[in-house]
Amino acid sequence: MAKTILAVDDSASIRQMVSFTLKSAGYDVIEAVDGMDGLEKAKAKSVNLVLTDQNMPRMDGLTLIKSLRGTPQYASTPILMLTTESSDAMKMQGRAAGATGWLVKPFDPQKLIEVVRKVIG
């Protein structure tokens, strides 16, 4: 059974690229348009990995991570940030919120697959 990844990004083109890349590697992908949508979809269906952007309307990535980490279901689920934010200060905030890893856009599809395989197989 394929593992399910929740891809959260307010950019439709990024969601499409992430979804295409991960589906071609054999994963099921659920897309969410922002952090609030991502939180609702994560609660509705269990996922193996969350991949989230930082800067989004309604709820940003750090808030989404904190919200997910606050639920027993997602206390130890891998959560990766995929964002244009690359400062050390922002990465430290990500770690403090509970992010498992950090990828900077634009992303290399092969690198994305490698990282995903490393954290969920």
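Mentor: Angles under 35 degrees count as roughly parallel, over 145 as roughly antiparallel, 65 to 115 as roughly perpendicular, and the rest as oblique. The model is predicted: local features need pLDDT of at least 70, side-chain atom pairs count only at pLDDT 80 or more, and totals for chains, interfaces and linings use all residues. Residues are numbered from 1 along each chain as its sequence is written, and side-chain values use heavy atoms, leaving out hydrogens and water.

Trainee: What makes H3 and H4 roughly parallel to each other?

Mentor: Their axes (lines fitted to C-alpha atoms over the stretch in contact, with angles from 0 to 180 degrees between N-to-C directions) cross at roughly 15° and come within 9 Å. H3 and H4 are therefore roughly parallel.

Trainee: Which residues of H3 and H4 make the contact?

Mentor: Contact means heavy atoms within 4.5 Å. H3 brings Leu62, Ile65, Lys66 and Arg69, and H4 brings Met90, Gln93, Gly94 and Ala97. These divide into four nonpolar, two polar and two charged.

Trainee: What makes a set of residues a nonpolar core?

Mentor: Its members are buried Ala, Val, Leu, Ile, Met, Phe, Trp, Tyr and Cys, joined through side-chain atoms within 4.5 Å. Buried means under 20% relative accessible area (1.4 Å probe, protein chains only); over 50% is exposed, and in between is partly exposed. The largest core here has 21 residues, and Leu6, Val8, Val47, Val50, Leu64, Ile65 and Leu68 touch the most other members.

Trainee: Which element gives the most to this core?

Mentor: H3, with four residues.

Trainee: What is Leu68 in contact with, leaving aside neighbours within four places in sequence?

Mentor: Leu39, Ala42, Val50, Tyr74, Ala75 and Ile79. A second, separate core of 17 residues includes Ile14, Leu22, Leu51 and Phe107.

Methods
Helix = DSSP H or I, 4+ residues; strand = E, 2+ residues; numbered from the N terminus. Nonpolar A, V, L, I, M, F, W, Y, C, P; charged D, E, K, R; others polar.
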